[in-house]
Amino acid sequence: MENTISWADFEKVEILTGTVIAVDAFPEARKPAYKLTIDFGPKGIKRSSAQLTRLYQPDDLLGMQVVAVVNFPPKQIATFKSECLVLGALGNDGEVTLLQTERKTENGSRIA
């Protein structure tokens with residue numbers, strides 16, 4: 001298997017659940033995207049740029065619980081600093097389907 005990582009490498013990745021509390025347009029992005037503000041409970045509030053416009057409207061995302069990697073360094077995307085990576089499955093046409101837990105969890109719950 002290519003790109004095998006160790007268990008210790010995986011344990012370094014902090015993947016948490018959080019709730020989207022704000023969704024803003026991001027017209028400066030090269031590809032259509034939203035600016036998301038996400039509440040990770042005790043881990044705080046973080047912002048992310050997410051290319052979700054093909055399958056989701058802002059009202060769909062508001063209040064939705066998502067899964068994200070929160071311990072990457074911030075990444076500058078156009079005029080915006082993205083602080084976490086919201087996870088989704090990539091479709092054949094590049095559309096992103098968000099990953100979610102099967103049941104609602106407390107914000108900041110770690111994915112293991």
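How many salt bridges does the count come to? By the rule that a side-chain nitrogen of Lys or Arg must lie within 4 Å of a carboxyl oxygen of Asp or Glu, the count comes to 3. The structure is a predicted model, in which local features need pLDDT of at least 70 and side-chain atom pairs count only at pLDDT 80 or more, while totals for chains, interfaces and linings use all residues. Residues are numbered from 1 along each chain as its sequence is written, and side-chain values use heavy atoms, with hydrogens and water left out.

The chain holds 2 helices and 9 strands, where helices (H or I, at least four residues) and strands (E, at least two) are DSSP runs numbered from the N terminus. Read from that end, the elements follow the order α-β-β-β-α-β-β-β-β-β-β. The radius of gyration, taken over C-alpha atoms, is compared with a globule rule of 2.2 Å times the number of residues to the power 0.38; for 112 residues a compact globule would come near 13 Å, and the chain, with 14 Å, agrees. Of the contacts with a separation of 6 or more, 58% join residues 24 or more positions apart, a contact being heavy atoms within 4.5 Å.

Helix H1 covers residues 7-12, and Trp 7 lies in it. Trp 7 counts as exposed because its relative accessibility is 62%, given that exposed means over 50% relative accessible area, buried under 20% and partly exposed in between (1.4 Å probe, protein chains only). Together with Ile 5 and Phe 10, Trp 7 forms a nonpolar patch on the surface with about 350 Å² of accessible area. Such patches are made of residues with over 30% relative accessible area and no salt bridge, with nonpolar side chains (Val, Leu, Ile, Met, Phe, Trp, Tyr) joined within 5 Å and like charges within 9 Å.

One of the salt bridges also belongs to this helix: Lys 12 and Asp 9 both lie in H1, 3 residues apart, about one turn of the helix, and their closest N and O atoms are 3.8 Å apart. Another joins Lys 43 to Glu 14, with 2.9 Å between the closest N and O atoms. Lys 43 lies in the loop between strand S2 (34-39) and strand S3 (45-50) and Glu 14 in the loop between H1 and strand S1 (15-25), so this pair ties together parts that are 29 residues apart in sequence. Glu 14 is buried, at 16% relative accessibility, whereas Lys 43 is partly exposed, at 47%. Glu 102 and Arg 103 also meet in a salt bridge, at 3.5 Å from N to O, and both residues are exposed.

Methods: Accessible areas come from the Shrake-Rupley method with a 1.4 Å probe; for residues, only the protein chains shown count as cover.
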